[in-house]
Structures are given as structure tokens and as C-alpha cells.
Amino acid sequence: MTVALIILGAIVAALLAVTIYDVTQKRHAVLRNFPIVGHLRYILESFGPELRQYIVTANDAERPFSRDQRSWVYASAKVENNLSAFGTDNDLESTPGHILIRHSAWVVQEPAHAIPAPGDQPQAGVGPDYVLPPACVIGRLHGRPGAFRPSSLVNVSALSYGALGESALEALNLGARRAGCMQNTGEGGLATAHTHGADIVFQIGTGYFGCRDADGNFSMDRLLETISRAPVRMIEIKLSQGAKPGHGGILPAAKVTPDVARHRGVQPWVDSITPARHSAFHDVPSMIAFIERIAEQTGLPVGIKSAVGQMDFWDDLARAMAADRSAGPDFVTIDGGEGGTGAAPFTFADHVSLPFRTGFVQVRDVFAAHSMDRDVPFIGSARLGFPAQALVALALGCDMVNVGREAMLAIGCIQAQRCHTGKCPTGVATTNPRLTRGLVPSDKGPRLGNYIVTMRHELLELARTVGVVHPALVPADVIELVDDRAGSRPLTEVYGTDRLVGRPPERDVREIVAIMSGMPIS
Ligand SMILES: Cc1cc2nc3c(=O)[nH]c(=O)nc-3n(C[C@H](O)[C@H](O)[C@H](O)COP(=O)(O)O)c2cc1C
Ligand code: SF4
């Protein structure tokens, strides 16, 4: 009896010690939130590969992100070994859509590091930060006072406060600051978590959260007050997002904490409704007038974000911008139907709006028909947070890419796909303090930074393999997609695209080549 009691006591003491360790350590959100049982995840993960040889899914089978893709993000974020061994496990000849890149016999070498003088900007294209600006200058087309060249062509996509908790947003902000990239606020307003030093893209959604009056209408005064609280570099008006275009949304009452409510300008613990469309404009001319009003008052570049549906909107927009080249969006973000969201009706996520590549190419072609495609910076999003996928987007004509869920993976998301329940086990997509406690921004922030830097590094390596100094210069015919007949076809053929379509205008090419060679821009 006594022996049994001693053993029981020892077990309880051991479990207590593990519990105390789990809830106080800062590296693993799942263990902080689920002491003891959280270890099961790590145990299963450790012999997962052996288990999967016999049952369950293949390395490339899961969606939205395959195990290989997630493992690459996790390893890059933790600066662990992100290499693969023993050769590819993809079937390179019969996986339709698989990306193949034709390398050059004359690859470009990474330039030697210059020794920076005190106060010098970091040299573009070299480690450790692999600073990689886009070829475009945002806002130059319309001469905005705040026109600028972002220092990173990979930036953090719109992820709203409310959908994500304060700790996750703070981690993203710290990581974005570390990587020198921008963080988009999403449509939930500007939270305190957005004010830890990273450059910010302030998003205006249909709910005008953070820039609305008491009746829910757009308020310029509120906008000016809000953006004065952070280093906002540009403003993005969201027309729609790929996962639920034209649907609006509800942030359930349980997620509308007093802080979320304060930053949105709504009542706490009441469903926060996002209308399906804007009330501040109703057609292309009134949208352009709205953009101009905001650009004039703020001095900042102002762009739009949209998924691609009916093409008359894009035709009207490109025609209007061609007719008056002094007005209109300073950039256009195209989100693919395969994009993510905190919560969307199943049918909208699966069936409404075109996938990124198809949609983007159609929009770019409409702009080309009005001779506007080279002037307007395009940003792409929807599963582009991997080097090869991002390179395809650039070769098709994008200037920059945004990463949303990949950024969430970097700070600990495990693709449990419970973001809509408020019960995210890793504390990323929840405002419940019991769960957000698990996510320690000072630990997870650097992981986002590491992931963004790795993305830039590997994009640069791909460009150099192709024989050019910057990914924007990769011609579309060196990238091929595997077809269903044991062959592959270049992007130029698949998308009916010019071979140099991704090539920016001549002035931008001159400037980016100078920047990448460490020369002054002439
Ligand atoms: C939790 C969550 C919240 C999001 N919130 C917004 C938002 O407020 N505004 C927006 O334009 N897009 C929002 N998005 C969409 C992303 O910005 C992005 O366009 C989409 O997920 C595609 O990029 P990805 O594949 O890199 O995630 C959200 C996505 C997720 C997963
Ligand atoms: S609920 Fe799952 S998918 Fe959503 S953020 Fe959390 S871990 Fe990621």
C-alpha cells in the first residue's frame, strides 16, 4: 500500500513538474496552452514519417499547404535545416501543374559582401538579411508625396485584428520589423500590436474599422487620427478577398473583446458585421474620387485589393486610368480564390472568384489592352509564400507578393483549421486570453523574420540560377508547368503571355539592376 502511494506520489509530482515547465516555457504555444497532453503532438510528430510510410497522406497531398511546404516554413522560421535529402519525392513527369525552372549555364554568383560604413543601408541581395526591394516605386505614377520603394518584395498580407489575436499580430509586427518588410493591418483597424516598429499598410475594408463614424460611415478625421499612430507607408482599400468575395463577414460576439471593439469603433461582445460592399463609393469614377481624396489628405500611395470575378470592373478601371493618368489606385493587389480567411461559407471559399494565376493574367491583359500594365504595380497573394510559386507570380507580371497563412505558419499555426471557432490551439487565430497567452511574441516574432529572409534568399537564388540579378527579371518562358501528357509547357504558352511580360519598364529595370549591384540610381 505504502509502495503504491509512493509511486502514485512520484507520478503526480512528475506530472506537476512537467505542467509547471510546460506553462512557463515560451517556445511552444501548444504546450503553454495544453500542458502534458500537448506532448502527444510532438511525440506523434517525431515518428510521423515512419507512420506515414504505411498509412495516412503523402508529403504533397494536404491542402491548403502540404506537409512539405509547412515543414519548409517551420524549418526556415527556426533557422533549422530546411534542405531535403535523397532527391525529390515528386513525380516530375506526371504531376500536372508542377513548376519546373530552366536554369542557365551561366548562373549569376552572389556578390561579395561590401564592408558597410557606419550608417550605410544594408547591401541589397546579400546575406544575412537578403534585402530584396521590388523593381517598382509605389506612388510614382501619380506623384504622391509619400511615394517609395519598399525594401522587401515579400510582405505580410492583410490579417485582421479580431480574426488574429493581439499576441499573433505583435509577433508579426516584430518579425516584419526584423526582416524590414511591411505588415498589412487587414480590415480590423490598427491595434496596439501594430505599433512595435514595422512599416504598416493600413487596410480600409467595407466596415471602415478604425476610420468610421458612429453610424459606420467612412470618416476622414478618424482615418488621419488612426494612421498617425504608426509608420503607415501606404493605404489599401479592400474591395474583396479571394476566400469570400462579395460576402462581407461576421466577427462573432465572443471574439469582440473590449480592445477589439475599441480599435474597430464598435460595441464589445456584439457581433461585428462587415458589409458586403462599400458605402463610400459605388462605381469606378466614385472609387477613383475616393482614392484621390485619401491620397490628397494623407500624401500616401493608395491602392486596392480585390479577387477577380467579372471583368467589366477591370476594363472600366484600366480605361479610366488610361484616360486620366494622374488619378487612380497606386497599386493593385490581386488575391486568388485559393486565398485564406478567418471564416467563410464553404461554397464561397470553394467556388467564388478565379484562382490567382488565371485571375491575375486576365486583369494584367485588360490593363495591357489599355497600355497601363507596365505602370501600375501589381501585388499577388494566395499560396505564394514559397520561392517557386512566388517566382511564377513575378514572371507573370507581379511586382511583389504578400504572404498571409504562411506568415501564420511561421509564428506557430499548425493548420488545425479551427480559426473560425475562436479555439485556435496555438493562440494565433483567437482573442481568447487563455489561448493567446501561449504565443509569446518575443519568441515567435523572430521566426517570421527568419522565414521572410529565407523567402527572399531563395527567390534570389532562383533568379541567379536563371542567370539574372533580380527575380523581376526572370522571363516567363524559362518557367514551365508539367502537363497531363508527360510533358511541360512554358508559362508563355499556358497563359498566352509574352516571354518578357514579367520584365518591368525600362527605367525600373535600370534602377533595380543598379540597386542589386550596389550602385547609385542614375
Ligand atoms: C485569419 C485570416 C484573416 C484574414 N483577414 C483579412 C483581412 O482582414 N483583409 C484582407 O484583405 N484579407 C484577409 N485575409 C486574406 C489574406 O490577406 C490573403 O489575401 C489570403 O489568405 C491569401 O494569401 P495566403 O495564401 O498567403 O494566405 C485573411 C486571411 C486569414 C487566413
Ligand atoms: S486554428 Fe489552426 S489553422 Fe487556424 S490559426 Fe490556429 S492553428 Fe492555424
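Proline 128 sits in the loop that runs between strands β1 (99-101) and β2 (154-156); helices (H or I, at least four residues) and strands (E, at least two) are DSSP runs, numbered from the N terminus. Keep in mind that this is a predicted model, where local features need pLDDT of at least 70, side-chain atom pairs count only at pLDDT 80 or more, and totals for chains, interfaces and linings use all residues. Residues are numbered from 1 along each chain as its sequence is written, while chains are lettered from A and ligands numbered from 1 in the order in which they are written.

Tyrosine 130 has 24 other C-beta atoms within 10 Å, so it is buried (20 or more other C-beta atoms within 10 Å of its own make a residue buried, 12 or fewer make it exposed, and anything in between is partly exposed; C-beta atoms are placed from the backbone).

Serine 371 also has a positive phi without being a glycine, near 55 degrees. Its loop is the one between α12 (356-369) and β10 (378-381), and serine 371 counts as exposed because it has 10 C-beta neighbours inside 10 Å.

## The chain as a whole

The protein chain has 18 helices and 13 strands, and 49% of its 522 residues are buried. Along its principal axes, the C-alpha trace spans about 90 × 60 × 55 Å.

What about contacts along the chain? Count a contact when two C-beta atoms, placed from the backbone, lie within 7 Å. Among contacts between residues at least 6 apart in sequence, 67% join residues at least 24 apart. Glutamate 461, in helix α16, is 336 residues from glycine 125 in sequence, yet the C-alpha atoms are 9.5 Å apart. Phenylalanine 346 and aspartate 60, 286 residues apart along the chain, have C-alpha atoms separated by 23 Å.

## The nonpolar core

The largest nonpolar core holds 133 residues, and Leu396, Val401, Ile411 and Leu448 touch the most other members. Such a core is a set of buried Ala, Val, Leu, Ile, Met, Phe, Trp, Tyr and Cys residues joined through C-beta atoms within 7 Å. Helix α16 (residues 441-466) gives the most to this core, with ten residues. Leaving out residues up to four places away in sequence, the partners that isoleucine 411 touches include Ala168, Val428, Arg447 and Leu448.

## One face of a helix

Which residues of helix α7 (residues 220-227) are buried? They are Leu223, Thr226 and Ile227. Seen down the axis of α7, these fall within an arc of 85 degrees, so they line one face of the helix; the arc is that of the directions from the helix axis to the C-beta atoms. The buried residues of α7 pack against β4 (199-204), β5 (232-238) and α9 (284-298).

## Around the ligands

Ligand 1 is surrounded by 28 residues, with Ser160, Gly186, Gly339, Gly340 and Gly404 the closest. A residue is near a molecule if its C-beta atom, placed from the backbone, lies within 6 Å of it. Around ligand 2 there are 13 residues, of which Cys413, Ala416, Cys419, Cys424 and Ala429 come nearest.
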